[in-house]
Amino acid sequence: MSDFNYIQTFYVNPQTVANAPEVMLTSIDVFFKAKPVRGVTVSGAVAPTVNAWICEVENDSPFETRQLLNSMTLIPYDLISTSQDSSAATVIGFPNPVRLSTGKHYGLVLKFNDPGFDVWQNVLGDRLVTDGQITNTLSIGARGTHGGKLYIPTNTSAHRSLSDRDLKFKVKVARYTASNITISLVNKDYEFFTIDNTNTGAFRGGEYVYQNVATSAAGTITVSPTSLNVVGVGTAFNTLFSNAKILIESGGAKQILSVNSIVDATNMTVAYMPDFAASGITYKVPPVGVAYNIDYPKNKIILTDSSANSTNKFANNGTRIIGVESGATANIATIDRYPVDNFKPSFLIGNPSGSTFTLDYRIANSANQLSSAATNINLLQMNESSSAGFILSRSVEVDDTKSSNLFGDKRKSVVANLNISVSTAEIDRFTVPYATTRELDFYFYQNDINNVYTETRTVGLSSITNYDTETGSNGLAKSKYVSKVIKFAQDKYAEDIVVYLTGYRPAGTEIKVYAKVHNAADRESFQSKAWTPLVLKDNIDRFSSTDPNDMYEFTYGFDTAPEFQVALAGTGTITHGSNSITTTSNHSATVTAGDLIRIKDQDFGNHEVFVISAANTTAIETYRNITTSSLVSSVSRPTRSDIVIDKLKYRNVAWNNVENDNTVRYVNSQYVEFDRYTSMQIKIVLLATQSHIVPKVEAIQVIGVSA
């Protein structure tokens with residue numbers, strides 16, 4: 001059996017609304033003949049209600065389960081008017097206007113939550129009622145002026161129409177006064193805190209969090225778990241702000257109450273019943289928020305629905321914040337703001353012909369002031385911020401000493417304006433641009449990016465500054481991409497690498513590329529290999545404009561030696577076929593086994609990289625004999641004493657060996673050298689000095705090169 005009592009269908013005639021394509025239904029009047037006596041009902045409910053909604057109609061048949069958006073409503077018992085002559089209307093209002101297309105049928109569905117309800121019907125042959133008196137005039141029944149029918153349920157899922165009657169009802173739609181208006185949307189009341197490491201316990205999501213205040217408010221109060229009324233003695237309720245929060249405590253129990261209305265200085269109501277009864281207790285008015293996000297590893301807390309105002313706000317003054325339910329505590333180190341680098345709006349907006357709308361926004365800048373010029377909003381796509389923007393903590397928004405030039409009396413740090421323009425034509429008086437309040441959202445994003453990837457690190461005997469931490473497994477850069485491992489077919493080797501990258505690189509940003517390579521003959525695992533910083537081969541000094549589509553192609557590859565750290569003092573003497581370099585200076589405190597050095601001509605025309613096995617006051621020993629043809633020759637130049645020696649920064653990264661046709665070489669942790677590789681992996685690291693101006697990579701191509 002269908003779950004309703006009546007469905008009255010009706011036709012939305014376009015001719016009655018200047019042929020407008022759609023109308024906004026605001027309410028429907030129905031006329032009740034009777035309702036059950038309060039407290040004496042069949043259903044058992046003291047004050048039963050009536051449900052009403054608008055349903056779709058197809059092929060002259062209503063579908064009561066297909067409800068129109070915003071049409072479901074509940075009619076309270078006390079708002080249902082009855083009369084003996086059908087003169088008293090009961091207004092069925094809707095939470096928001098219901099959009100109806102003209103030229104279609106719709107159904108008003110009524111569901112009585114008690115059988116004691118009855119509505120007036122116009123029934124063929126019944127005597128008409130006038131001024132409360134039954135007359136001898138017979139009704140002619142349904143007149144069909146509304147173009148619909150009255151349906152009742154049956155014992156099956158089918159409906160039965162009654163051709164001899166209909167309900168008495170009135171359909172009301174909006175007729176607008178044409179004008180240009182602006183609707184402003186603002187951010188919620190957030191608090192962004194950094195806490196120190198002295199917190200106790202753990203806050204619970206959704207609980208009230210307050211900052212304790214030293215003194216209680218004036219007077220005492222009495223509360224009861226059966227009443228919304230709060231009665232005070234010597235109190236000053238009339239000084240409380242709208243939606244203020246008060247803290248009550250008694251016998252170890254505590255609760256935050258939300259003020260609903262102020263009657264006078266000693267009487268007010270709260271939004272929900274207190275949890276306990278207490279008489280003659282003091283109360284406090286602390287700043288309060290709701291725990292929204294707690295990130296203990298980062299020492300960050302976000303509260304929403306902050307009650308902060310200009311005289312009562314959160315502060316980093318050493319006073320702890322406390323969770324009402326959890327009892328957790330923390331100390332606010334700083335009151336922060338949330339950086340906004342880009343955002344995506346999600347608005348459900350109708351825009352019929354004859355009207356237009358635009359969307360723009362302003363957001364607080366680094367000086368906590370709203371930008372002077374508005375920026376247009378692109379619906380349903382990511383909006384990139386051209387400058388630094390911030391959502392401020394509510395305690396900063398309301399603080400005149402910390403912020404200025406915020407939005408109006410609300411003092412908000414983000415404002416989006418919906419600007420509506422409607423023509424004056426009669427057809428456009430019935431339909432205008434509209435926004436559904438449940439579909440108005442901004443999704444704000446902060447780019448988790450930094451410009452830090454180096455640190456000072458001790459390797460061997462040296463403290464190395466600007467050491468690239470991304471050569472290891474846990475680099476300091478926040479934004480990075482790591483590809484899957486690519487393994488070549490058996491007995492296939494690559495001798496070099498070429499990376500082609502299409503990316504957006506504005507000034508103040510960088511795109512760094514790293515490669516990890518491994519030779520199958522190396523018994524150490526692929527995962528243990530170092531990431532080698534690749535060098536940019538072209539477009540080195542080319543940076544993109546502010547247009548995100550201004551992209552360039554960049555090419556990366558191995559360098560001819562690991563990055564230089566320091567030039568060793570003096571010179572060295574090498575002999576063809578020997579692994580000993582005689583030095584004019586003592587380097588025993590500078591280099592040690594495992595370090596890489598580069599020996600080269602004075603003019604750096606020729607060079608080769610070697611692994612050190614030992615060093616003393618007069619010599620440096622290498623694991624491999626020196627047979628570099630461009631430096632020494634067993635026939636023409638077996639010995640030379642003008643060699644310059646550089647200590648290199650990294651031990652295990654790869655490089656192109658110029659003495660072996662630029663074939664890639666790396667050294668493992670056991671100081672074994674490997675030429676060529678059989679597996680590779682790529683890492684892209686994005687760096688930026690400002691989070692709202694970031695690089696992007698659109699495409700990447702990696703080629704393992706062989707001769």
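## A four-stranded sheet

Four strands form an open sheet in the order E44-E45-E41-E57, with antiparallel pairing. Strand E44 (535-536) and E57 stand at the edges. Each has a single partner strand, so one side of each is left without a neighbour in the sheet. The model is a predicted one. Strands of a sheet pair through backbone hydrogen bonds, either parallel or antiparallel.

## Pairing along E41

Which strand does E41 pair with over 9 bridges? The partner is E57, residues 696-705, and the sense is antiparallel. E41 itself covers residues 496-504. Within this pairing, Tyr 500 has Gln 701 of E57 as its bridge partner.

E41 is also joined to strand E45, which spans residues 552-557. Here there are 5 bridges, and the two strands again run antiparallel. Two positions mark this pairing. Gly 503 stands opposite Tyr 552 in E45. Val 499 has Tyr 556 of E45 as its bridge partner. In a regular strand, side chains alternate between the two faces of the sheet.

## Glu 524 in its loop

Glu 524 sits in the loop between strand E42 (509-518) and strand E43 (532-533). Is this residue buried or exposed? Its relative accessible area is 18%, and the cut-off for buried is under 20%, so Glu 524 counts as buried.

What does Glu 524 touch, leaving aside residues up to four places away in sequence? The contacts are His 518, Lys 529, Asn 668, Ser 669 and Gln 670. With Lys 529 there is a polar contact between the side chains, at 2.7 Å. Asn 579 is 55 residues from Glu 524 along the chain, and the C-alpha atoms of the two are separated by 26 Å.

## A nonpolar surface patch

Met 382, Tyr 443 and Tyr 445 make a nonpolar surface patch of about 290 Å². Met 382 belongs to the loop between strand E33 (375-376) and strand E34 (383-392).

How accessible is Met 382? The relative accessible area is 36%, which makes Met 382 partly exposed. Patch residues need over 30% relative accessible area, so Met 382, at 36%, clears that cut-off.

Definitions and conventions: Residues numbered from 1 in each chain as written. Predicted model: local features only at pLDDT ≥ 70, side-chain atom pairs only at ≥ 80, totals over all residues. Heavy atoms only, no water. Pairing = 2+ DSSP bridges. Patch = residues over 30% accessible without salt bridge, like charges linked within 9 Å, V, L, I, M, F, W, Y side chains within 5 Å. Areas by Shrake-Rupley, 256 points an atom, 1.4 Å probe, with all protein chains shown as cover. Salt bridge = Lys/Arg side-chain N within 4 Å of Asp/Glu carboxyl O. Buried < 20%, exposed > 50% of the residue type's maximum accessible area, 1.4 Å probe, protein only. Contact = heavy atoms within 4.5 Å. Polar contact = N/O pair within 3.5 Å; in protein donor to acceptor, adjacent residues only side chain to side chain.
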